[in-house]
Amino acid sequence: MQPNESILIVDFGSQVTQLIARRVREAGVYCEIAPFSQALTAFERMKPAGIILSGSPAGVPEEGSPRAPVELFDAGLPILGICYGQQVMSHQLGGRVEPGNQGEWEGEFGRAFIAITEECALFDGLWAVGERHQVWMSHGDKVTAFAPGFKIVAVSDGAPFAVIADEERQFYGTQFHPEVAHTPDGAKLIANFVHRVCGLKGDWSMAAYRETKVAEIREQVGTGKVICGLSGGVDSSVAAILIHEAIGDQLTCVFVDHGLLRLNERQQVESLFRDHYNIPLVVVDAEERFMAGLAGVTDPEAKRKFIGGEFIAVFEEEAKKLGGADFLAQGTLYPDVIESVSFTGGPSVTIKSHHNVGGLPERMNMKLVEPLRELFKDEVRDLGRELGLNELFVGRHPFPGPGLAIRIPGEVTKERCDILRKADAVYLDEIRNAGLYDAIWQAFAVLLPVRTVGVMGDYRTYDSVCALRAVTSVDGMTADIYPFDAAFLSRCATRIINEVKGINRVVYDYTSKPPGTIEWE
């Protein structure tokens with residue numbers, strides 16, 4: 001990004017920091033999240049137009065709690081502090097923050113209402129003096145004295161410093177969380193900060209991102225060769241198409257058909273990459289190899305480990321056949337990057353390890369090309385549309401790396417995969433026919449290791465049970481079941497039993513996440 005066209009978000013460990021980034025990008029402004037321990041480095045690299053300080057599970061009065069680099073306050077840029085961000089800014093600039101559980105004060109959590117007491121640039125065109133508005137609070141500590149230069153512009157019953165402002169320095173603090181959906185006008189408040197206060201036009205787009213990334217890929221790769229492991233999913237496909245636009249036939253994609261794919265998935269990938277985009281593609285038929293390795297394996301974790309390890313082995317063999325490569329392309333997304341970095345800079349509180357393409361071994365000695373590492377999932381879909389990808393492909397539901405293996409509890413065989421493939425295709429066909437596909441985060445069929453007695457015509461059957469699963473979600477971290485009506489589920493069951501030999505009973509999974517997971521294994 002060009003200097004002064006972005007926002008730096010300093011992360012103090014809040015679970016909803018990603019939502020701040022989402023709101024800024026929804027306002028058409030590019031932003032990045034940096035742990036407070038790395039904020040100064042990010043600031044010097046980005047040269048942002050403004051800074052947002054996130055919330056935190058820590059308390060400002062606690063010994064060793066995180067602080068913002070003082071250079072940020074001396075930079076002459078607009079700053080918005082949210083919850084802990086407001087408190088740490090107040091503390092560092094000369095105010096006072098007191099811990100919770102002092103006297104009658106127990107904190108302020110959940111829905112609250114603030115009263116607007118003075119005009120403020122954050123409120124322009126949004127909130128007026130004398131109005132009350134719903135917000136979402138989540139704090140135990142509170143500001144009890146603001147720093148010099150600040151004034152109170154909104155109050156709540158529990159927080160007399162609900163919103164503070166230093167209009168001269170363009171420093172603002174909200175005790176509530178504007179980034180969450182429970183603050184109805186929160187997204188507009190953040191948009192006011194980036195547009196009206198920071199002066200950004202909000203013209204960051206996927207077209208601009210595409211142009212920037214193509215130039216960056218060309219500069220990074222030069223005359224080198226790039227190899228990309230295609231999964232058939234949206235992320236790796238969009239990454240491959242973008243890289244191919246930048247460097248053409250210097251890219252070769254490898255697609256491993258391990259026999260655990262959805263119906264016609266291999267043909268769809270071959271058609272898309274060879275026929276439509278003319279991208280060099282190596283397709284490896286490894287079904288027999290994977291099925292042999294999965295024979296007798298019933299433990300879910302053992303299945304995953306075998307599939308991941310065997311994929312690496314196949315991929316490495318194909319890379320050698322191609323004469324090696326200088327770069328490995330991955331569809332790494334921004335949440336992967338954020339979650340793999342501890343906000344304190346230490347490994348003990350890392351949310352999850354960064355891994356893609358099965359975790360390729362270091363011995364392959366390739367540098368990474370990750371053109372999607374600044375994007376969220378829905379932004380990747382937007383980039384796919386920008387690149388001309390078919391909407392049916394761009395909007396596909398997530399599909400697990402181990403494929404159908406974790407949707408077949410018990411032993412995985414080619415016969416059981418073929419049965420499940422057909423049932424899954426019928427189920428998704430009914431969902432699309434009902435116009436429900438885009439309303440569902442993920443839907444799929446599961447083939448259970450259970451056989452039941454049935455009657456078809458004048459004959460007794462003894463066949464497998466199929467479970468149907470459909471959930472709604474924002475990010476896959478939590479999920480609720482999709483409430484199909486009985487008529488829809490009845491149609492699905494009838495079609496599956498009539499069209500898929502080997503299934504004589506269909507059930508629907510009503511479990512949310514938590515306590516269940518989305519996938520069955």
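In this predicted model, Phe484 makes contact with Tyr427, Ile431, Leu436, Ile440, Ala470, Leu489 and Tyr508, its neighbours within four places in sequence being left aside. Phe484 also belongs to the largest nonpolar core, which comprises 49 residues. Together with Tyr427, Ile431, Leu468 and Ile503, Phe484 is among the residues with the most contacts inside this core. Two or more core residues are supplied by each of the following elements: strand E13 (251–257), helices H9 (287–294), H10 (300–321), H14 (414–433) and H15 (486–499), and strands E17 (442–456), E18 (459–472) and E20 (503–508). The greatest contribution comes from H14, which provides 8 residues. In soluble globular proteins, nonpolar side chains tend to be buried together.

The chain as a whole contains 15 helices and 20 strands. Its radius of gyration is 26 Å, close to the 24 Å given by the globule rule for 521 residues, and the chain is therefore as compact as a globular protein of that length. The C-alpha trace spans about 80 × 60 × 40 Å along its principal axes. Of the 521 residues, 55% are buried. Among contacts in the chain with a separation of 6 or more, 74% join residues 24 or more positions apart.

The accessible surface of the chain amounts to about 23,100 Å², and carbon and sulfur atoms account for 49% of this area. With regard to charge, the chain carries 50 positive and 71 negative side chains. The centres of these two sets are 5 Å apart.

Methods
Residues numbered from 1 in each chain as written. Predicted model: local features only at pLDDT ≥ 70, side-chain atom pairs only at ≥ 80, totals over all residues. Heavy atoms only, no water. Core = buried A, V, L, I, M, F, W, Y, C linked by side-chain atoms within 4.5 Å. Buried < 20%, exposed > 50% of the residue type's maximum accessible area, 1.4 Å probe, protein only. Helix = DSSP H or I, 4+ residues; strand = E, 2+ residues; numbered from the N terminus. Contact = heavy atoms within 4.5 Å. Rg over C-alpha atoms; globule rule 2.2 N^0.38 Å. Areas by Shrake-Rupley, 256 points an atom, 1.4 Å probe, with all protein chains shown as cover. Lys, Arg positive; Asp, Glu negative; His and termini not counted. Charge placed at Lys NZ, Arg CZ, Asp CG, Glu CD.
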